[in-house]
Amino acid sequence: MTEHTAPKHTPDLPTLSAYLDGELDHHAEQRVAAHLAACPLCAARFAELQALSAGFKALPMASLGFDLAGVIEGRLAAAPRSAAARPERRWFSQWPLAIGAAASIAAGVFMGSALVAGRAAEVPRMAALRVFDIMPPGSLCIGLESCYRKESTQ
């Protein structure tokens, strides 16, 4: 099966259409005009394009006879708005969120001030070191002298 392919011509169909519509620059327009004068095949194609363009221009203009945008705007304005589309927000529906935020801020301020004060941070460390005392916390006193340090009163 042999396929007949036309020799590649310059200009091609889009270029001929652009030439017909006057969309080419001056140099390209002169090149196409010179080619159309020398090539009967392209001249025939260009004549078909001219006839097609003239046929489109001869068609009657269709119009609605009224402004469709105005009709749509009027219907949108007259349409009832449903309350379910936008739920109404009440101020007290945000209470859980506000309480949680306030509690988080208060906890952060309390913990931050405990760390900055220094004394509160030392208390757990000192309590942990009491394990190494003579009598660790929670142990039983064997005798009164073993649980209390006697100070000399000299």
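Good morning, colleagues. Of the 154 residues in this protein chain, 7% count as buried. Please keep in mind that the model before you is predicted. The accessible surface of the chain amounts to about 14100 Å², and carbon and sulfur atoms account for 63% of that area.

Let me turn to confidence. The average pLDDT of the chain is 79, and 71% of the residues reach a score of at least 70. Residues 1-5 require caution: their pLDDT stays under 50, and the model gives them zero contacts beyond four places in sequence. Where pLDDT is low, predicted coordinates should not be read in detail.

Next, the overall fold. The protein chain contains seven helices and zero strands, and its pattern along the sequence reads α-α-α-α-α-α-α. If we take the contacts between residues at least 6 apart in sequence, 44% of them join residues at least 24 apart.

I should like to begin the local features with Leu-36. This residue belongs to helix H2, which spans residues 26-38. Leu-36 is buried, because its relative accessible area of 12% lies under the 20% cut-off. Which residues is Leu-36 in contact with, leaving aside its neighbours within four places in sequence? They are Leu-16, Tyr-19, Cys-42, Ala-43 and Phe-46. Thr-10 lies 26 residues from Leu-36 along the chain, and the C-alpha atoms of these two residues are separated by 9.8 Å.

Cys-42 is buried, with a relative accessible area of 1%. Cys-39 also counts as buried, at 10% relative accessibility. How many disulfides does the model contain? The count comes to zero. For Cys-39, the closest cysteine sulfur is that of Cys-42, at 3.7 Å. A disulfide requires two cysteine sulfur atoms within 2.5 Å, so this pair is too far apart for a bond. Seen from Cys-42, the closest cysteine sulfur is likewise that of Cys-39.

Finally, let us consider the surface. A nonpolar patch is formed there by Leu-64, Phe-66, Leu-68, Val-71, Ile-72 and Leu-76. Together these residues present about 570 Å² of accessible area. Leu-68, one of the patch residues, is found in helix H4, which covers residues 68-78. Is Leu-68 buried or partly exposed? Its relative accessible area is 41%, and Leu-68 is therefore partly exposed. Leu-36, by contrast, is buried.

Thank you for your attention.

Terms used
Residues numbered from 1 in each chain as written. Predicted model: local features only at pLDDT ≥ 70, side-chain atom pairs only at ≥ 80, totals over all residues. Heavy atoms only, no water. pLDDT = per-residue confidence, 0-100. Contact = heavy atoms within 4.5 Å. Patch = residues over 30% accessible without salt bridge, like charges linked within 9 Å, V, L, I, M, F, W, Y side chains within 5 Å. Areas by Shrake-Rupley, 256 points an atom, 1.4 Å probe, with all protein chains shown as cover. Salt bridge = Lys/Arg side-chain N within 4 Å of Asp/Glu carboxyl O. Helix = DSSP H or I, 4+ residues; strand = E, 2+ residues; numbered from the N terminus. Buried < 20%, exposed > 50% of the residue type's maximum accessible area, 1.4 Å probe, protein only.
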